[in-house]
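Work through these exercises with the model open. Try each task before you read its solution.

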Amino acid sequence: MSVASTALTSPLRGEEKRWRLAEWQLALPLTLAFSALFLAPLLLLVATSFFNDDKITQPGFASWTKFFGDPFNYKVIFDTLLLGLKTVCATVVIGYPLALVFMDLSPRLQKVLLFVIIMPMLLSVVVRTFAWIVVLGREGVINQGLMWLGVISEPLRLLQTELGLVISLTQIEMPLMLLPLISVMSRLDPNLRDASAALGASRWRTLFTVIVPLSMPGLVAGCLLVFASSTTAFISQTVIGGVRLIYLPLVIWQQSLVVYNWPLAAVASLSLVVSVLSIIAALSYLGRRSSRHLQG
Amino acid sequence: MQALAPASPQVAPAGRTLDVDDLTVRYGAAVAVDGVSLAIEPGEVVALLGPSGCGKTTLLRVIAGFVRQAGGRVLVDGAGIDHLPANQRNVGIVFQNYALFPHMTVSENVAYGLRARGQRGTDVGQRVERMLDMVKLGAFRERLPRQLSGGQQQRVALARALAVEPQILLLDEPFAALDRNLRLDMQIEVKRLQRQLGLTTILVTHDQDEAMSVADRIAVMNRGRVEQFDTPVAIYDRPQTLFVNGFIGTTNLLPGKVTGIVGDTATVAIDAGAALRLPAVPGLGAGSLVILSVRPEQLVLSPVATADSWPIEPGLSLPLGSQLVHEARTVDGAALKIVEPRRRAASEAQRRFCALAPDARPSLFPRSTSSATE
């Protein structure tokens, strides 16, 4: 057996070696595209932020001091991150049980559910967002339904509120939570659940001591994607949130395309990038710590 | 919840009886287990042996409580356990892939069942130590499963299953993933522990040698039914169906016809060209078409014709350890395998005729029954 396996793998090893030599070359196109289309603009953005006037003629720190000298902007950053966290919580609370249900379905029902899950991604973001206006509006489906049931007597205000925004973002970002979760969960050995039960563990105990820890990499990946995507979801934020709810993407849009103060827009953009990335770094650090047993 | 015995594992607790009564399992329209009944004695090792898809693993999963039966009952010490969910059955199970929790250390894996039963503190630690010493893995307690070899992982799985003092031990192809030498070691190890603990054990396997060496009794399964439930020796020497006969050991099938019966002796004319006198089988009267099943070691070779011999065309001879396996062909085209000790093997010129060894007890089966198509 061992003889046969060495005989099988040794030509493969040689192949691997040749691949390894050429590997960096394969990454070249992506590296070039990445540098030209991402790194260069980012550097440009950093450079732009260090100008004092909207004509971009006077270098200086005035834009930075102006942006961070205004307490209103701190609130905007805080609200933006809070929106991301709320959306992450809602997608986890709804998405995780859904992923568990998915695992127990027959392959045919799994296909149906997977299609339903991916469907939001197949529609234009504008279409999805306007559909939510129809659902959340004063005369919308939710209000009509609740009034018909007699739960409320007057229409709830959902549009242009954070609640309505979180509801719609939860649906819009759900695929980003579910796809990594499902891909990790479907690789879990189904015997683990049976082994746990045979050892006397209840379903809840199995869930929290076996399933949740082992699906942590998928959960963390989903949280990162949902967080990054919902904090930067400009169209949903502005169309459903309206102008009364102000998040960083709106500030950037106003400064760059309405006021034409590009240095200030650059500062706002970098604030968004840094604050979102620091949360993501923290999340993925926690995720790596919790799943360090799983690599191997 | 039952109390854990404070005694060392050398004290054998009384094993439980396990009864499977007319058990039927359906997956949609397909019948996976079809009216199986087994009565298993305390402390006995029973192997469920059969080809893949014969229902042996399904039967195991019903006993463990993972699969619900369509009909029939499972009883431990005479009391039905069908209403109990898997986590209240107190059944230990070792899976083919061991199913160790990959994010827990060896000792956390072994402690899992104890913790699930609400045990805390030093008792758990001591019991884990004892179990790991028992499977000789004391030095590995802080390792993760992926840092262990296959044999070590299996010992952890065994320690984990035994730590909670199960009433019944279920082994689902536990040796299949191990290489040959390690497999034998582990079979001996498992047998030793099982004896020590006096545990009633069910072993699912498709490997006849494994079933033969580990089990006290073997239930040979085919298409959801038990074809024969008996000791290994009885199954080898007196297979009751053609399927069992073909599944256990190697055999030669010779078609023939019963030409006459005198008292307890039937005369069978085999198509290969001989009339053999054999013990009569009830239900196979004169004129019955039969198949004679002869083990390779039940045949002898000779250079000259005798009264009960038939001519053969010699083929290849292959050494197999201390034995030599001869291939041959009868006049009606049936392939034969004949085993001889290598020291006194016949040369090709001497391999002209074939006969039953004097003490041979070949099996006689009716031809053209459904099982004959296997």
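**Exercise 1. At what angle do helix α6 (residues 125-136) of chain A and helix α11 (residues 234-241) of chain A pack, and which residues make the contact?**

Solution.
1. The angle between the two helices is about 25°, and their axes are 10 Å apart. Axes are lines fitted to C-alpha atoms, for helices over the stretch in contact, and angles run from 0 to 180 degrees between N-to-C directions. Helices (H or I, at least four residues) and strands (E, at least two) are DSSP runs, numbered from the N terminus.
2. α6(A) is therefore roughly parallel to α11(A). Angles under 35 degrees count as roughly parallel, over 145 as roughly antiparallel, 65 to 115 as roughly perpendicular and the rest as oblique.
3. α6(A) and α11(A) cross with right-handed sense. A crossing is right-handed if the near helix is turned clockwise from the far one by less than a right angle, and left-handed if anticlockwise.
4. α6(A) contributes A:V125, A:V126, A:T129, A:W132 and A:I133, while α11(A) contributes A:I235, A:S236, A:V239 and A:I240. Contact requires C-beta atoms, placed from the backbone, within 7 Å.
5. Sort this contact of α6(A) with α11(A) by class: seven nonpolar, two polar and no charged residues. Ala, Val, Leu, Ile, Met, Phe, Trp, Tyr, Cys and Pro count as nonpolar, Asp, Glu, Lys and Arg as charged, and the others, Gly among them, as polar.

The model is predicted: local features need pLDDT of at least 70, side-chain atom pairs count only at pLDDT 80 or more, and totals for chains, interfaces and linings use all residues. Residues are numbered from 1 along each chain as its sequence is written, and chains are lettered from A and ligands numbered from 1 in the order in which they are written.

**Exercise 2. Which residues of helix α8 (residues 162-185) of chain A meet α11(A), and how do the axes cross?**

Solution.
1. The axes of α8(A) and α11(A) come within 9 Å and cross at roughly 145°.
2. This crossing of α8(A) and α11(A) is right-handed.
3. From α8(A), A:G164, A:L165, A:S168, A:L169 and A:I172 meet A:S236, A:Q237, A:I240 and A:G241 of α11(A).
4. The contact of α8(A) with α11(A) has four nonpolar, five polar and no charged residues.

**Exercise 3. Are α12(A) and α13(A) roughly parallel or roughly antiparallel?**

Solution.
1. Helix α12 (residues 248-258) of chain A and helix α13 (residues 262-290) of chain A have axes that come within 8 Å and cross at roughly 165°.
2. α12(A) and α13(A) are therefore roughly antiparallel.
3. Their crossing, α12(A) with α13(A), is left-handed.
4. A:L248, A:V251, A:I252, A:Q255 and A:S256 of α12(A) meet residues of α13(A) including A:W262, A:L264 and A:A265.
5. The contact of α12(A) with α13(A) divides into eight nonpolar, four polar and no charged residues.

**Exercise 4. How many helices and strands does chain A have, and how spread out is chain A?**

Solution.
1. Chain A has 13 helices and zero strands.
2. The radius of gyration of chain A is 24 Å, well over the 19 Å that the globule rule gives for 296 residues, so chain A is more spread out than a compact globule. The radius is taken over C-alpha atoms; the rule is 2.2 Å times the number of residues to the power 0.38.
3. Along the principal axes, the C-alpha atoms of chain A fill a box of roughly 75 × 65 × 30 Å.

Notes: Contact = placed C-beta atoms within 7 Å.
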